[in-house]
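Take a walk through this structure, one stop at a time. Begin with a single residue, then widen the view.

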Amino acid sequence: MSRIQESVIIRTVVRIMVPFIQLFALYVIMHGASGPGGGFQGGVIFGAAIILYAMIFGIAEGKKKMSDALDKILASTGLAIYAATGLACIIFGGMFLQYSAVPLLPDPAVVSKYLIDLVEIGIGITVLAVMISLFFDISPPESEPEGVEE
Amino acid sequence: MKTLALFVVVITGAMLIYAGQDLPAFGDINSPSYQAPMTQYFIENSLEESGVTNIVTALLASYRGYDTLGETAVIFTAGMAVMLLLRRRET
């Protein structure tokens, strides 16, 4: 535990801020179709929220929120959502990732919009999982006995 | 060594600022990217073809969806490679 991690102000502010950062990340992902934003940016913001939490409350505490197994599952799930969207277009008789071929709604442009949103969600899930797993893999091992240093 | 690093940074920064003077002005209608025929096509047709108002997203996820799938796979592969090389196993 460093001095920063013991600070009551920082711990309180981080605990309050993390849900809002996550909400903002979801907004950025879902807003990708109609304004600035998208899966890559939103995924990085969401990953940064968890990384911030793990930096202040410790790696072990962060891994309770986002375990290694969940990381692996999410990273592959996001990519699978993307690829499955493309394959669904083939099944409905279009080309790979030709969104307008899927006959969900009468207007092909609206179907395309929703499928683009789905694809962005898939990108976001992969990026956030990879961000968090990179941080946990690179972070130094936790020194368990607390309060010995300083 | 620090002087050399500072020298390199200053020179690189000066070159970038000098090159930045040649960029077209923001929103300049005569800039090459606006004059390209594909730009006209995307501005006119991207909304009805892809259904999204953001042309950048239409390009990223619809026209170049295959490319973006590859990018996502690259990020996934990078994450998996770091996981395999650096993750400490609980023994």
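Start at Leu97(A), which is buried, with 25 other C-beta atoms within 10 Å. Leu97(A) sits in the loop between helix 5 and helix 6 of chain A. Its phi is positive, about 65°, although Leu97(A) is not a glycine. Most residues other than glycine have a negative phi.

A word on the ground rules. This is a predicted model, in which local features need pLDDT of at least 70, side-chain atom pairs count only at pLDDT 80 or more, and totals for chains, interfaces and linings use all residues. Residues are numbered from 1 along each chain as its sequence is written, while chains are lettered from A and ligands numbered from 1 in the order in which they are written.

Now step back to chain A. It has 6 helices and 0 strands. Helices (H or I, at least four residues) and strands (E, at least two) are DSSP runs, numbered from the N terminus. Chain A has a radius of gyration of 19 Å, whereas a compact globule of 150 residues would have one near 15 Å. That radius is taken over C-alpha atoms, and the globule rule is 2.2 Å times the number of residues to the power 0.38. The C-alpha atoms of chain A fill a box of roughly 65 × 25 × 15 Å along the principal axes. Of the 150 residues in chain A, 36% are buried. Among the contacts of chain A with a separation of 6 or more, 64% join residues 24 or more positions apart. Two residues are in contact if their C-beta atoms, placed from the backbone, lie within 7 Å.

Next comes helix 5 of chain A. It has 24 residues and reaches 34 Å from its first C-alpha to its last, close to the 34 Å expected at 1.5 Å a residue. The expected span is 1.5 Å times one less than the number of residues. Its buried residues include Asp71(A), Gly78(A), Leu79(A) and Tyr82(A). Helix 6 of chain A and helix 5 of chain B are among what covers the buried residues of this helix. Ala84(A) also belongs to helix 5, which spans residues 68–91. Ala84(A) is partly exposed, with 14 other C-beta atoms within 10 Å. Its C-alpha lies 15 Å from that of Ser112(A), 28 residues apart along the chain. After helix 5 comes Gly93(A), with a positive phi near 95°.

Chain B is the partner. It has 5 helices and 0 strands. Buried residues make up 19% of its 91 residues.

Helix 6 of chain A packs against helix 4 (residues 55–63) of chain B at an angle of about 80°, with axes 10 Å apart. Axes are lines fitted to C-alpha atoms, for helices over the stretch in contact, and angles run from 0 to 180 degrees between N-to-C directions. The two helices are therefore roughly perpendicular, a label for angles of 65 to 115 degrees; under 35 is roughly parallel, over 145 roughly antiparallel, and the rest oblique. Ser112(A), Ile116(A), Val119(A) and Glu120(A) meet Thr57(B), Ala61(B) and Ser62(B) here.

End in chain B, at Thr68(B) in helix 5. Thr68(B) is buried, with 22 other C-beta atoms within 10 Å. Not counting residues up to four places away in sequence, Thr68(B) touches Leu60(B) and Ala61(B).

Methods:
A residue is buried if 20 or more other C-beta atoms lie within 10 Å of its own, exposed if 12 or fewer, and partly exposed in between; C-beta atoms are placed from the backbone.
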